[in-house]
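Here are a few friendly notes to read alongside the model. Take them one at a time, and keep the viewer open as you go.

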Amino acid sequence: MRYSGLKVIKEALTGHRGWGPAWRDPEPQSAYDIVIIGGGGHGLATAYYLAKVYGQKRIAVLEKGWIGGGNVGRNTTIIRSNYLLDGNEPFYEFSLKLWEGLEQELNYNAMVSQRGILNLIHSDAQRDAFIRRGNAMILNGADAELLSTAQIKERYPFLNTRNARFPIKGGLAQHRGGTVRHDAVAWGYARGADQLGVDIIQNCEVTGFLIKDGVCTGVETTRGTIKAGKVASCVAGSSSRVMEKAGMRLPIESHVLQAFVSEGLKPVLPGVITFGAGHFYCSQSDKGGLVFGGDLDGYNSYAQRGNLPVVEDVCEGGMAIFPMLGRARLLRMWGGIMDMSMDGSPIIDQTHIEGLYFNGGWCYGGFKATPASGYCYAHLLANDAPHPTATAYRFDRFNKGLMIDEKGMGNQPNLH
């Protein structure tokens with residue numbers, strides 16, 4: 001079924017009796033060419049591009065819960081490519097370009113809204129750093145514009161530009177950045193992959209790996225044994241627990257990242273704004289709620305809930321740049337599990353076990369990377385070679401001293 005405006009009108013006039021399921025609910029087969037563990041955005045995108053771009057057949061995506069119920073439905077929806085380092089910027093710019101054509105390719109409304117993102121500047125040193133970042137973005141084909149305080153005041157009159165502690169001295173804008181409906185991305189990729197013959201198997205948790213003589217030949221699941229020519233792990237914050245079943249200890253930690261949404265308000269925030277003197281970011285949803293978040297909870301956890309000190313810290317950051325936030329009522333809050341790598345950058349690579357591949361360590365950048373992550377992981381699985389934009393995302397960079405330390409925090413995952 002192809003979606004269109006005429007189809008919506010027809011169904012509205014006929015009682016909506018013509019809609020069918022967006023994807024099948026098949027029983028797992030005994031064997032596949034490629035099994036992807038994890039039915040989030042990255043796993044589903046990988047399956048889609050494997051089938052669409054690389055012509056792979058007999059693919060299964062195994063999801064322990066339901067599609068859209070994991071981290072892909074627990075983020076703050078932001079997309080951008082405003083990175084500095086060569087290992088990151090080309091990859092995230094590739095992802096942003098895929099976002100720009102995603103809805104047309106998938107024939108699915110993912111609510112891609114390129115409303116822009118603004119990183120605020122609060123010191124002279126920060127201005128110098130953001131000028132360097134903006135130049136690096138432009139050199140890699142992205143867009144960047146340095147805004148003055150006057151320009152920001154004109155566009156965002158509610159910002160506290162004269163704050164004594166955190167004066168706003170300008171900002172780095174990427175006008176092609178914005179937001180996307182998070183779970184709709186998973187649904188769109190699931191629908192697209194299903195139409196290409198991919199089996200999407202929900203409520204199917206992986207409980208072990210079939211490994212003999214250093215070769216992985218399949219997985220054990222709650223729905224039986226499934227053989228595979230290649231097995232690809234793509235489970236975000238659960239990576240350590242899943243890969244432990246294969247005897248691997250990963251260079252990542254799992255932390256909770258909380259997010260919040262306020263009651264519905266009139267349109268006030270046209271784009272995404274980030275606080276440069278603390279960890280706070282905010283956008284306004286199509287329903288009117290202010291969607292915002294901040295730093296990680298400082299302790300390791302696999303729980304999808306947070307703690308009150310981070311709530312207080314996030315609210316303090318928001319109040320510092322627009323005090324009007326203090327009058328809005330909080331509607332709901334949630335937590336996602338972030339797989340924090342040692343240098344703050346991801347891993348897309350083969351493991352030392354033949355036939356077993358890994359995608360993870362996305363830290364804060366997982367959602368915005370969804371299309372490129374899937375595309376590059378599919379390239380790796382199909383060709384046993386990294387995609388040109390993901391050549392730096394290898395396990396061995398930690399041994400070789402080739403870390404991609406975007407924030408300059410060293411090997412302390414909770415600071416990334």
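1. Let's start with a term: the radius of gyration is taken over C-alpha atoms, and the rule for a globule is 2.2 Å times the number of residues to the power 0.38. This is a predicted model. For 416 residues, a compact globule would have a radius of gyration near 22 Å, and the chain has 21 Å, so the two agree.

2. Along the principal axes, the C-alpha atoms fill a box of roughly 65 × 65 × 40 Å. The chain's secondary structure comes to 11 helices and 18 strands.

3. Next, look at a pair of helices. Two packed helices are described by the angle between their axes and the distance between the axes. Helix H3 (residues 89–100) packs against helix H10 (residues 370–383) at an angle of about 105°, with the axes 7 Å apart. Angles of 65 to 115 degrees count as roughly perpendicular, which makes H3 roughly perpendicular to H10.

4. Which residues of H3 and H10 make the contact? On the H3 side they are Phe91, Phe94, Ser95, Leu98 and Trp99, while H10 brings Thr370, Pro371, Ala372, Ser373, Tyr375 and Cys376. Sorted by class, this contact has 8 nonpolar and 3 polar residues, with no charged residues.

5. Turn now to the second largest pocket, which has a volume of about 520 Å³. It is lined by 25 residues, and those closest to its centre are Arg181, His182, Ser285, Val291 and Arg332. Helix H7 (182–195) gives two or more residues to the lining, as do the strands E12 (252–264), E14 (280–284), E15 (289–300) and E16 (330–341). The largest share, 4 residues, comes from E12. By class, the lining of this pocket divides into 6 nonpolar, 12 polar and 7 charged residues.

6. Finally, find glycine 229 in strand E11 (residues 224–233). Leaving aside residues up to four places away in sequence, glycine 229 touches Tyr32, Asp33, Cys216 and Gly355. Asparagine 82 lies 147 residues from glycine 229 along the chain, and their C-alpha atoms are separated by 37 Å.

Technical notes
Residues are numbered from 1 along each chain as its sequence is written. This is a predicted model: local features need pLDDT of at least 70, side-chain atom pairs count only at pLDDT 80 or more; totals for chains, interfaces and linings use all residues. Side-chain values use heavy atoms; hydrogens and water are left out. On a 1 Å grid over the protein atoms alone, a cavity is a set of points where a 1.4 Å probe fits but cannot get out, and a pocket is an open set with protein on both sides within 12 Å along at least five of seven lines; lining residues have an atom within 4 Å of a point. Grid points are joined across faces, edges and corners, and a volume is the space filled by probe spheres set on the points. Ala, Val, Leu, Ile, Met, Phe, Trp, Tyr, Cys and Pro count as nonpolar, Asp, Glu, Lys and Arg as charged, and the others, Gly among them, as polar. Axes are lines fitted to C-alpha atoms, for helices over the stretch in contact, and angles run from 0 to 180 degrees between N-to-C directions. Angles under 35 degrees count as roughly parallel, over 145 as roughly antiparallel, 65 to 115 as roughly perpendicular and the rest as oblique. Contact means heavy atoms within 4.5 Å.
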